[in-house]
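Here is a short walk through a protein model. Keep the sequence and the 3D view side by side as you read.

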Amino acid sequence: MAPLHRLALSTRFASRAIVPVSSALLRPSVACTGSRHFHSTRMASHPIATLDESLVPRLPLSSLTLFEAKKQKNLSFEAIAKEVGRDEVAIAALFYGQAQASPEDIKKLSHVLDIPAETLGSQLSGFPDRGRTIDMPPKEPLIYRLYEIVQNYGYAYKAVLNEKFGDGIMSAISFSTKVEKETDEKGDWAVITLRGKWLPYSRF
């Protein structure tokens with residue numbers, strides 16, 4: 001059988017927002033790479049993400065519980081992730097009911113968000129019902145832009161991946177992803193990394 005490989009893709013977006021001068025004073029420590037800077041923590045000038053009420057009918061009860069506690073505590077996903085010991089995207093996926101929480105996750109979330117462990121344990125039990133929150137094509141502009149990237153570059157990705165790895169697909173199960181903020185002389189950039197195991201098609 002062909003060997004399994006790991007694949008990492010990075011997508012870089014330019015931010016069109018103008019950051020106020022005062023926000024620079026609130027900027028946390030950054031990691032420098034040449035003229036680029038990768039921010040390790042959330043900018044204090046930006047509000048935290050809260051739950052869009054229009055999504056509530058599509059979300060599990062746990063989403064309402066988690067987001068309400070997040071709002072009351074005024075915590076970013078990054079801050080919660082550091083306490084739980086997971087990546088912030090993984091924590092956000094858990095909040096939206098798109099990932100399964102381990103007993104350890106539940107214990108730590110209960111502690112950082114002051115939610116009774118029994119409540120979280122009950123609401124987060126069972127298996128996630130993934131993919132129900134988004135219509136296709138998506139209507140929300142930022143999410144649509146990700147969809148648009150696949151529209152524009154999907155076949156280009158496929159061609160290059162096939163040349164590098166052969167006939168197969170990138171797993172979205174043996175998979176990880178992260179979001180980073182990069183700053184250079186041209187402004188702010190969003191860096192999204194997708195890392196999935198390469199799965200060759202089986203011969204039979």
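This is a predicted model: local features need pLDDT of at least 70, side-chain atom pairs count only at pLDDT 80 or more; totals for chains, interfaces and linings use all residues.

Start with D114, which lies in the loop between helix 5 and helix 6. Phi of D114 is near 55 degrees, a positive value in a residue other than glycine. Most residues other than glycine have a negative phi. Is D114 buried or exposed? D114 has a relative accessible area of 55%. The cut-off for exposed is over 50%, so D114 counts as exposed.

N74 sits in the loop between helix 2 (61-73) and helix 3 (77-84). Its phi is positive too, about 55 degrees, although N74 is not a glycine. N74 is exposed because its relative accessible area is 52%.

One more loop deserves a stop. P137 is in the loop between helix 6 (117-123) and helix 7. The peptide bond that leads from M136 to P137 is cis, with omega near -5 degrees. Most peptide bonds are trans.

Now step back. How many helices and strands does the protein have? There are seven helices and five strands. Along the sequence they follow the pattern β-α-β-β-α-α-α-α-α-α-β-β. The protein has 204 residues, and 27% of them count as buried.

Strand 4 covers residues 168-184 and strand 5 covers residues 187-200. They run antiparallel, and 13 bridges join them. A hairpin of two residues makes the link from strand 4 to strand 5. To find one of the pairings, look at M170: its bridge partner in strand 5 is W198. In a regular strand the side chains alternate between the two faces of the sheet.

Strand 5 also holds D188. The side chain of D188 makes a polar contact of 2.9 Å with the side chain of T183. D188 has a relative accessible area of 12%. Buried means under 20%, so D188 is buried.

Another aspartate belongs to a helix. D105 is in helix 5 (residues 103-113). D105 is buried, because its relative accessible area is 5%. Its C-alpha atom is separated by 9.8 Å from that of E83. Along the chain, D105 and E83 are 22 residues apart.

Next come the annotated positions. Which residues does the UniProt annotation "active site" cover? The record, an unreviewed entry, lists R145, E148 and S171. R145 is found in helix 7 (residues 141-165). E148 is in helix 7 as well. Their side chains make a polar contact with each other, at 2.6 Å. R145 has a relative accessible area of 41%, so R145 is partly exposed. E148 is partly exposed too, because its value is 25%.

What kinds of residue make up the lining of the second largest pocket? Eight are nonpolar, eight are polar and three are charged.

Conventions
Residues are numbered from 1 along each chain as its sequence is written. Side-chain values use heavy atoms; hydrogens and water are left out. Two strands pair if DSSP finds at least two bridges between them. Helices (H or I, at least four residues) and strands (E, at least two) are DSSP runs, numbered from the N terminus. UniProt positions are given in the numbering used here, feature names are shortened, and annotations may be inferred rather than shown by experiment. Buried means under 20% relative accessible area, exposed over 50%, partly exposed in between (1.4 Å probe, protein chains only). A polar contact is a pair of N or O atoms within 3.5 Å; within protein, one must be able to donate a hydrogen and the other to accept it, and residues adjacent in sequence count only if both atoms are side-chain atoms. Ala, Val, Leu, Ile, Met, Phe, Trp, Tyr, Cys and Pro count as nonpolar, Asp, Glu, Lys and Arg as charged, and the others, Gly among them, as polar.
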